[in-house]
Amino acid sequence: MAAEELRRRIWSGEISFGQRLLEANLASELDISRSSLREALQTLEYEGLVINKARKGTFVSSFTDDDLREINEIRLHLEVPAIVKAAENIIEKDIQYLELLIRHMEEESQKDDWQLMFNLDISFHLYLINCCDNSRIKKMYNIIQMQIRTFLSQLGKYYSKNVNQFIEEHKELLEAVKSRDKKRVEAVASAHILDAGDFSFEH
């Protein structure tokens with residue numbers, strides 16, 4: 001629970017990239033022991049969200065454009081084949097659930113709450129990848145997904161100013177998956193990821 005709360009604060013911007021995390025303050029705020037907080041920080045360090053610097057303390061990772069380029073490459077090499085595989089295995093109840101998520105996106109699009117759209121986006125992709133029926137792909141994606149989420153959490157402008165495009169992209173992706181056309185799925189999934197990847201922390 002402590003790790004999840006720290007992730008939420010990083011993703012919402014309450015805790016900034018590069019910020020030092022003061023254990024005493026955080027333990028008090030979260031009403032947990034220092035040892036429990038250290039366990040949470042170790043989890044985040046394993047996920048690549050924080051860095052422990054000897055004799056200096058624990059800091060939130062500072063993502064650069066190079067980090068984002070690498071994350072985007074991973075998404076293209078891991079997520080696109082997973083979605084292609086998901087299209088081969090997806091069944092009607094899975095399609096209905098993904099359609100439900102898109103309807104939620106449409107319903108919530110007027111609320112100007114990009115964190116909500118972010119959560120729906122993550123839910124959509126996680127569910128789709130879990131349909132790929134490849135345990136190793138799912139395990140590898142679970143390892144990197146926290147950094148992917150951290151990257152996506154910074155796309156406030158992408159979620160808010162282009163909300164209609166954002167929803168249409170998910171509709172197009174689901175239609176491609178429903179078609180089970182491998183080349184179409186690969187092209188649409190790649191374009192979707194590249195669109196989100198056309199972003200910079202440094203500019």
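The crossing of helices α1 and α3 is right-handed. This model is predicted.

**Exercise 1. Describe how α1 and α3 pack: which angle, which orientation class, which residues?**

Step 1. Place the helices. α1 covers residues 2-12, and α3 covers residues 34-47.

Step 2. Take the geometry. The two axes come within 8 Å and cross at roughly 55°.

Step 3. Classify the angle. Angles of 65 to 115 degrees count as roughly perpendicular and those under 35 as roughly parallel. The crossing angle is roughly 55°, and α1 and α3 are therefore oblique to each other.

Step 4. List the contact. From α1 come Ala2, Ala3, Leu6, Arg7 and Ile10. From α3 come Leu37, Ala40, Leu41, Thr43, Leu44 and Glu47.

Step 5. Sort by class. The contact of α1 with α3 has eight nonpolar, one polar and two charged residues.

**Exercise 2. Find which residues of α1 are buried, and what covers them.**

Step 1. Read off the buried set: Ala2, Ala3, Leu6, Arg7, Arg9, Ile10 and Trp11.

Step 2. Recall the helix rule. An α-helix has 3.6 residues a turn, so residues three or four places apart point the same way.

Step 3. Apply the spacing to the buried set. Ala3, Leu6 and Ile10 are among its members.

Step 4. Name the cover. It includes α2 (23-30), α3, β3 (57-60), α6 (114-129) and α7 (135-153).

Step 5. Look past the end of the helix. Gly13 follows α1, and its phi is positive, near 90°.

**Exercise 3. Glu4 and Arg7 both lie in α1. Decide for each whether it is buried, partly exposed or exposed.**

Step 1. Start with Glu4. Its relative accessible area is 40%. Buried means under 20% and exposed over 50%, so Glu4 is partly exposed.

Step 2. Turn to Arg7. Its relative accessible area is 8%, so Arg7 is buried.

Step 3. Link the pair. A polar contact of 2.7 Å joins the side chains of Glu4 and Arg7.

Step 4. Look at the partners of Arg7 beyond four places in sequence. They are Thr43, Leu44, Glu47, Leu49 and Met146.

Step 5. Asn142 is 138 residues away in sequence and 15 Å away in space, C-alpha to C-alpha.

**Exercise 4. Describe the packing of α4 against α7, including handedness.**

Step 1. α4 covers residues 65-89. It packs on α7 at an angle of about 140°, with the axes 10 Å apart.

Step 2. Over 145 degrees would count as roughly antiparallel. At about 140°, α4 is therefore oblique to α7.

Step 3. The crossing is left-handed.

Step 4. α4 brings Leu68, Ile71, Ile74, Arg75, Leu78, Glu79 and Ala82. α7 brings Ile137, Met140, Tyr141, Ile144, Gln147, Ile148, Phe151 and Leu152.

Step 5. By class, that contact has 12 nonpolar, one polar and two charged residues.

**Exercise 5. Arg55 and Asp133 have positive phi without being glycine. Where are they, and are they buried or exposed?**

Step 1. Arg55 has a phi of about 65°. It sits in the loop between β2 (50-53) and β3.

Step 2. Arg55 has 85% relative accessibility, so Arg55 counts as exposed.

Step 3. Asp133 has a phi near 60°. Its place is the loop between α6 and α7.

Step 4. Asp133 has 58% relative accessibility, so Asp133 counts as exposed.

Conventions:
Residues are numbered from 1 along each chain as its sequence is written. This is a predicted model: local features need pLDDT of at least 70, side-chain atom pairs count only at pLDDT 80 or more; totals for chains, interfaces and linings use all residues. Side-chain values use heavy atoms; hydrogens and water are left out. Helices (H or I, at least four residues) and strands (E, at least two) are DSSP runs, numbered from the N terminus. Buried means under 20% relative accessible area, exposed over 50%, partly exposed in between (1.4 Å probe, protein chains only). A polar contact is a pair of N or O atoms within 3.5 Å; within protein, one must be able to donate a hydrogen and the other to accept it, and residues adjacent in sequence count only if both atoms are side-chain atoms. Axes are lines fitted to C-alpha atoms, for helices over the stretch in contact, and angles run from 0 to 180 degrees between N-to-C directions. A crossing is left-handed if the near helix is turned anticlockwise from the far one by less than a right angle, and right-handed if clockwise. Contact means heavy atoms within 4.5 Å. Ala, Val, Leu, Ile, Met, Phe, Trp, Tyr, Cys and Pro count as nonpolar, Asp, Glu, Lys and Arg as charged, and the others, Gly among them, as polar.
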